[in-house]
Amino acid sequence: MLKKIHTDLAPAAIGPYSQAIAVGDTLYTSGQIPVDPTTGKVVAATISQQTEQVMKNLAAVLNEGNSDLHHVIKTTCFLANMSDFAEFNHVYGTHFGNHKPARSCVAVKDLPLGVLVEVEAIALLN
């Protein structure tokens, strides 16, 4: 059985998709970008600041879906520029602490709204 997940604490979907879908004991999130859910605007211009907002948005979706960052088993990370990798990696790592989920990180040509970073996750439910 599929359960659609939505929270106002993360940006609303900007297309025909859900913020996340729970299936059995697993939660699949859509990619989160650095949009402030209260204003609907992209935050800041630096990769560090944008990564902070992405991780806040991701945590909000996970929490709404009865999970959290420590139950993430895999992320896929998209960067507009691979030269931002080290700075992105530092901020990303602070949100996971000693928990280190499997991950792919790739550079892409463009991201929605011209942002620098997008992160999606697969997590176990609490």
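**Aromatic cluster and sheet packing**

Phe-88, Tyr-92 and Phe-96 form one aromatic cluster. The model is predicted: local features require pLDDT of at least 70 and side-chain atom pairs pLDDT 80 or more, whereas totals for chains, interfaces and linings use all residues. Residues are numbered from 1 along each chain as its sequence is written, and side-chain values rest on heavy atoms, without hydrogens and water.

Phe-88 and Tyr-92 make a tilted pair, 5.4 Å centre to centre with 40° between the planes. Tyr-92 and Phe-96 are also tilted, at 4.8 Å and 50°. Phe-88 and Tyr-92 lie four residues apart in helix α2, about one turn; helices are DSSP runs of H or I of at least four residues and strands runs of E of at least two, numbered from the N terminus. Both Tyr-92 and Phe-96 are buried (under 20% relative accessible area, 1.4 Å probe, protein chains only). The charged end of Arg-103 sits over the ring of Tyr-92, 4.7 Å from its centre (CZ of Arg within 6 Å of the ring centre and within 35 degrees of the ring normal).

Six strands form an open, mixed sheet in the order β1-β2-β3-β6-β4-β5, strands being paired if DSSP finds at least two bridges between them. Strands β1 (2-5) and β5 (102-107) each have a single partner strand, so one side of each lacks a neighbour in the sheet.

Technical notes: Rings of Phe, Tyr and Trp (its six-membered ring) pair if their centres lie within 6.5 Å; planes under 30 degrees apart count as stacked, over 60 as edge-to-face and the rest as tilted. Buried means under 20% relative accessible area, exposed over 50%, partly exposed in between (1.4 Å probe, protein chains only).
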